[in-house]
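Please keep the sequence and the coordinates in view while reading.

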Amino acid sequence: MTQTQRILVTGAGGTVGRQVVAELLDRGHEVRALTRDAAKASFPAGVDVVEGDLTEPDGLVQALEGVTGLHLITFGGAAFSPLETGPRILHLAKTAGVRRVTVLHGGGPTPLEDAVRADDGVDWTVLMPVEFMANALEWADGIVTSGEVREPFVDRLSAMVHEADIGAVAAVALTAEGHGGQEYVITGPEVLTVGDKVKTIAAAVGRDITLVELTEEEAVAQWRAAGLAEDVIGFLLMAYGDTPEVGRTVSATVEKVTGRPARTFTRWAAEHADAFTGRS
């Protein structure tokens, strides 16, 4: 049994951060969740919620007291800009006695991740998940209202990962030996097309769902209408139109690190079926 440790989770209200919190609690550890607005935060019982902003690291001193592990994101502030405060955060963390750090990869080089990788004073682990299964929630409105999913590049392949498995890998790396200096690509257990995902959701909710393939131009128009920024649209065209090999190749990270198989999309769809029926 791993000794109980106190872990500070930043980005604790996000898709991954909530899973890191849940997994640490499930493993019997003490969790301190950092949020910019504690009044709006909602976490499980037993979580110590503290206010703080990674763009102002000197305000984190109290949050870091008694902490042995630190989960970091690479963006901060109201605008979610790339953090330039990595060296100061790490200095404060080490001064407080933090021994292990995980950082959630931001999709490319970032100043904070660079600072973490360059620091030999802590056991750091970089978490590099591929497409989140939670991204399928973007289809919920269309499925509920019209029974359709409208997407381009429907034959694209994805080894998409259950967000809870990202949390599980982070929790182990933050509390156990042997993960320092590692870069973990985290995927699900299978490679799926868009059609595979739609069929899986249809089975989970017990109704037919029509997949409508959009042209690239139609997809761009749809994304603009949804308010996506041009740089985000450019990223989607790259990621979906020519998915990098790492995003469509199954890795064994989850089982290697946690000792159990990665969760399937079938399981994820069953867990989130209400979102696709309008009951959530």
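His179 touches Trp124, Thr125, Val172, Ala173, Tyr184 and Val257, leaving aside residues up to four places away in sequence, where contact means heavy atoms within 4.5 Å. The model is predicted, so local features need pLDDT of at least 70 and side-chain atom pairs count only at pLDDT 80 or more, whereas totals for chains, interfaces and linings use all residues. Residues are numbered from 1 along each chain as its sequence is written, and side-chain values use heavy atoms, with hydrogens and water left out.

**Two loop residues**

- His179 is placed in the loop between helix 5 and strand 10 (182–186), the helices (H or I, at least four residues) and strands (E, at least two) being DSSP runs numbered from the N terminus.
- His179 is buried, with a relative accessible area of 10%; buried means under 20% relative accessible area, exposed over 50% and partly exposed in between, for a 1.4 Å probe and protein chains only.
- Phe153, in the loop between strand 9 (148–151) and helix 5, is partly exposed, with a relative accessible area of 23%.
- The phi angle of Phe153 is near 50°, which is a positive value in a residue other than glycine.

**Strand 4 and its partners**

- Strand 4 (residues 69–72) is covered on both faces, with Gly69 and His71 buried on one side and Leu70 and Leu72 buried on the other.
- Strand 1 (residues 6–9) pairs with strand 4 in the parallel sense over 3 bridges, pairing being assigned if DSSP finds at least two bridges between two strands; in this pair Leu8 stands opposite Leu70 in strand 4.
- Strand 7 (residues 100–104) also pairs with strand 4 in the parallel sense, over 4 bridges, and Arg100 in strand 7 is the bridge partner of Gly69.

**Helix packing**

- Two packed helices are described by the angle between their axes and the distance between the axes; axes are lines fitted to C-alpha atoms, for helices over the stretch in contact, and angles run from 0 to 180 degrees between N-to-C directions.
- Helix 1 (residues 15–26) and helix 5 (residues 163–175) pack at an angle of about 55°, with their axes 7 Å apart, which makes helix 1 oblique to helix 5, given that angles under 35 degrees count as roughly parallel, over 145 as roughly antiparallel, 65 to 115 as roughly perpendicular and the rest as oblique.
- The crossing of helix 1 and helix 5 is right-handed, a term used if the near helix is turned clockwise from the far one by less than a right angle, with anticlockwise giving left-handed.
- By class, the contact of helix 1 with helix 5 has 9 nonpolar, 4 polar and 2 charged residues, where Ala, Val, Leu, Ile, Met, Phe, Trp, Tyr, Cys and Pro count as nonpolar, Asp, Glu, Lys and Arg as charged, and the others, Gly among them, as polar.
- Helix 2 (residues 86–96) and helix 3 (residues 111–118) pack at an angle of about 45° with axes 8 Å apart, and are therefore oblique to each other.
- Gly86, Pro87, Ile89 and Leu90 in helix 2 meet Leu112, Ala115 and Val116 in helix 3, a contact with 6 nonpolar, 1 polar and no charged residues.
- Helix 7 (residues 216–225) and helix 8 (residues 230–241) have axes that come within 10 Å and cross at roughly 145°, in a right-handed crossing.
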